[in-house]
Amino acid sequence: MLRAVAQLAALGLVLLFAAWLLLNLGDNMRQSRLSFGFGFLNSTAGFDIGETLFAYSATDTYLRAFLVGLANTLLVSLLGIILATILGVITGVARLSKNWLVNKIAAGYVELMRNTPLLVQLVLIYAVMIQLPSVANSIALPGSIFLNQRGLSMPRPVTEPGFGIWLAVVLVAVGVALAAHIVAGRREDAGRSPGRLRLAGLLMVVLAAIGGGIVVGGPIGLDVPEQQRFNFVGGLTISPELTALLFGLVIYTAAFIGEVVRGGIQAVRRGQIEAASSIGLTDMQTLRMIVFPQALRIIVPPLTSQYLNLAKNSSLAIAVGFADLFSVSRTMANQTGNPISVIVLVMATYLVISLVTSLLMNIYNRRVQVLER
Amino acid sequence: MSGGELADLPRLPPVPEPPPVRTIGLAAWLRANLFSSWMSSLVTILVGLVVAYVGLLVVQWVINARWEVVTENLRLFLMGQYPIEHAWRIWLALAGLSLLTGLTAASAGGPTRALATWLAAGQAMLGLLMLDSPMGTVAALATMANAGLLWLAFVVALRRPVPSRALGFAWLVYVPAALFVLHGMGGTPLDVVPARFWGGLLLTFMLAIAGIVLSFPFGVLLALGRRSDMRLISGMSTTFIEVVRGVPLITILFMASILLPLFLPGDLRIDAVLRAIGGITIFSAAYVAENVRGGLQAIPSGQIEAANAIGLNAFQRNLYIVLPQALRSVIPANVGLFISLLKDTTLVFIAGGGLLELLGIGRSVLAQPAFFGTHLEVYVFISAVFFVLCYAMSQASYRLEAAMGVGTR
């Protein structure tokens, strides 16, 4: 009885407070002629966005502008997660290296990233980007990649005639290889030797890709950027804003992922590795069947929160002038005189992104956990 | 048994053993750590060349950089627009901090010593920087005297340790006292210096310390609420925690700085600094709550049953049995959180509201025509300041973990 009263009292207080806030909001909005509602989404946005994944112009609606921002956020998050994972695993392994120099460099990199604010790193990288040489004096990196104050230009893969057939052949080969992998796994579970099924599958995919490619006559071509006087023609050019944001997010998050990976690998007990070699597993098998599954089990939950952090940190794009979800929404909030609805929309969108990411990672996490009896 | 049997066996010539592998000395260290295999040697040489090249570039840049942008504007970086005739208040607050830190480091030992060392070194370095700036010799001497005061307090307290209760009390008094000295109050000899004049490192510290102090109790309450078996309370706490953790800090700060005034009566104006502190506190509390929840879950149920068995009520059980154990085990995790909080204070300048903490001051300095194009110098300086602060905190946290035996008991 007392507990019910206490709960109702708490709820009542919260509701009362919310009602007070909302009443004030009503007064203030009437006074300053602000409105609430989502009707504004259909009116003309009237502002331009530098970088878009799909067609957008200032005459499009606010809804389309919002979607452009959302697509940009998703693009940065996805690319960032992939690149940060790769760099993070390299960092984590380097932190475990017996080579003193490699170990200390990785440690220094991790400390530097973890102890300085991401926002400062981003504006620093952006300041470096716009001080880069002009297009005429681009820094040429191996593989026809060019870096200059207009951004990063690189070759873009393009499909040639015959790509469809080649893709079909490769997909079939991948399917067969996957089947071989599953059969090999069943054999292992049953205590029999998997033989060379996996190797055969891998070889088949490689053969299908190369052989098929030769038969079709080059299914994928490269559109190489060509230097003109003021810009690059062809290829893929990423703006300095996106380059700075992506680079900053990746090197920052990779340092954290590196520590997660290191912790995960170190947490696998020595006895496990000794036991594996005593039953005659090779180093590769030990890594693949003993160390990796156990490390993964420890790594996945903290890795998930690093992915979520990266997605949320992409909202710092506004500091380097990249039009992500938050940046577009802020412009919308200023222009429409409807800041409450805009911020509700933005927060709900970020919540959905976070929830979907954790959902996917939870499914993956469940797959790598041990089944406890 | 005759004694000669063994002696009669033919003696084998001594086998020459290979010389023992040297395990000490420079050469042995190099072989073990840098050139253990041909692969390792190759990596060492390649990486070493790259490091040497990059290091050379960095040294060249540091020597040629226009550091006058930092020294000329040092006052702005440190205290923003805080009126110069009131600057002595900052040194007074700093002197209190040095004194207490020195006493604590000597009496409590452990992780606080790392913090004390960093604080003293930081003040000494700042003093050196000030010698070269328009802030002048007096300010430089005041800052260095502060480092000296810390050292003096440390030496004195080593001889006569201060009891921990007195120390705790002194810190509890210090925080509001320092706020009072810095902000002042109408009707007292200390004139009010409105928070909008605060800036630079002073504001960064203010935001971080207020955020840490406020978000901790709030987070503990939320964690208890989430674990409560009262459905309504646990539901409300869970919703709050998950919503806050699902959105970026910048959206919360944006809400606090732009939208909060819309939710308050027209005549109630909340200062921009307070709004930012509110936003940071709300954000940080949700993360503290999740940390504390981890600590709560780690408490064996026997503890709670025992508390019930001796007749403690829910309030007593939490206060005397559950929380002391739970909070102890999550202190290191919370230190990590507070490092992020310190770094996150930089976000207030893009959230609007006109607050110029360290990064904001940096941007406004860059807007001066005289310092056009010194972005790198300014940002590297700001990064260095944050690095020293955060590195000191993380070192203290490592020692704390070791001292508390986290993971070993």
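Q: Which domains is chain A divided into?
A: Domain 1 covers 42–136 + 239–267 + 295–368, and domain 2 covers 165–215. The bounds come from an automatic or database domain assignment. This is a predicted model: local features need pLDDT of at least 70, side-chain atom pairs count only at pLDDT 80 or more, and totals for chains, interfaces and linings use all residues. Residues are numbered from 1 along each chain as its sequence is written, with chains lettered from A and ligands numbered from 1 in the order in which they are written.

Q: What separates the centres of the two domains of chain A?
A: 35 Å, taken over C-alpha atoms.

Q: How many helices and strands in chain A?
A: Eleven helices and eight strands. These are DSSP runs numbered from the N terminus: helices are H or I, at least four residues, and strands are E, at least two.

Q: What about burial in chain A?
A: 32% of its 373 residues are buried (20 or more other C-beta atoms, placed from the backbone, within 10 Å of the residue's own).

Q: Switching to chain B. How many residues are in contact?
A: 42 of chain A with 43 of chain B. Contact means C-beta atoms, placed from the backbone, within 7 Å.

Q: Which helices of chain A supply at least two residues each to that side?
A: α1 (2–31), α3 (100–114), α4 (118–130) and α11 (339–368).

Q: Which gives the most?
A: α1(A), with eleven residues.

Terms used: A residue is buried if 20 or more other C-beta atoms lie within 10 Å of its own, exposed if 12 or fewer, and partly exposed in between; C-beta atoms are placed from the backbone. Two residues are in contact if their C-beta atoms, placed from the backbone, lie within 7 Å.
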